[in-house]
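Let's take a walk through the charged side chains of this one. Have a look at the sequence and the fold, and then we'll go pair by pair.

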Amino acid sequence: MSRAIPVLAAFLAASLAALAVCLFATGPAAAGGDRRDQDEARAAVESGAILPLETILARLKGRLPGEIVNVKLERERGIWLYEFRVVEPQGRVREIAVDAATGAVTEAGED
């Protein structure tokens, strides 16, 4: 068990870094609607309208049923959601949506 904690911590750190690159990219690849979405997401975090991913991950620690393999921040019907793709120990893939403003799990289903 103690060996799993550093592995999980390293994975979460890598996930945070990857998400930061995706959300806050400023290069030529971030153009048009993608750029606008990134700017809106950054402004929402900076204004406190939504919680940073790091805070969400800390709140979910030990509550997700497996390994996080993907994270997206999307706005659906006016609500910001962090969407986690999780692979359970049995190999089943689940998608778990978390309200980015409150940290509450809003939806959990199979992918």
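What follows is a short tour of the salt bridges and of one glutamate in a loop.

A word on the ground rules: this is a predicted model, so local features need pLDDT of at least 70 and side-chain atom pairs count only at pLDDT 80 or more, while totals for chains, interfaces and linings use all residues. Residues are numbered from 1 along each chain as its sequence is written, and side-chain values use heavy atoms, with hydrogens and water left out.

Side chains of opposite charge can pair when their charged atoms come close. How many salt bridges does a search of the whole structure find? The search turns up 8 salt bridges, each being a side-chain nitrogen of Lys or Arg within 4 Å of a carboxyl oxygen of Asp or Glu.

Start in helix α2 (residues 32-47), where Asp-39 and Arg-35 sit 4 residues apart, about one turn of the helix. (Helices are DSSP runs of H or I with at least four residues, strands are runs of E with at least two, and both are numbered from the N terminus.) Their side chains form a salt bridge, with N to O at 3.4 Å. Asp-39 has 32% relative accessibility, so it counts as partly exposed (buried means under 20% relative accessible area, exposed over 50%, and partly exposed in between, with a 1.4 Å probe and protein chains only). Arg-35 is partly exposed too, at 28%.

Arg-75 is partly exposed at 47%, and Glu-40 is partly exposed at 34%.

Next, the side chains of Glu-95 and Arg-85 pair up at 3.5 Å, N to O, in another salt bridge. Glu-95 is in strand β3 (residues 93-99) and Arg-85 in strand β2 (residues 79-87), so the pair ties together parts 10 residues apart in sequence.

Finally, is Glu-88 buried or exposed? Glu-88, in the loop between β2 and β3, is buried, because its relative accessibility is 8%. The side chains of Glu-88 and Arg-94 are joined by a polar contact of 3.5 Å (a pair of N or O atoms within 3.5 Å; within protein, one must be able to donate a hydrogen and the other to accept it, and residues adjacent in sequence count only if both atoms are side-chain atoms).
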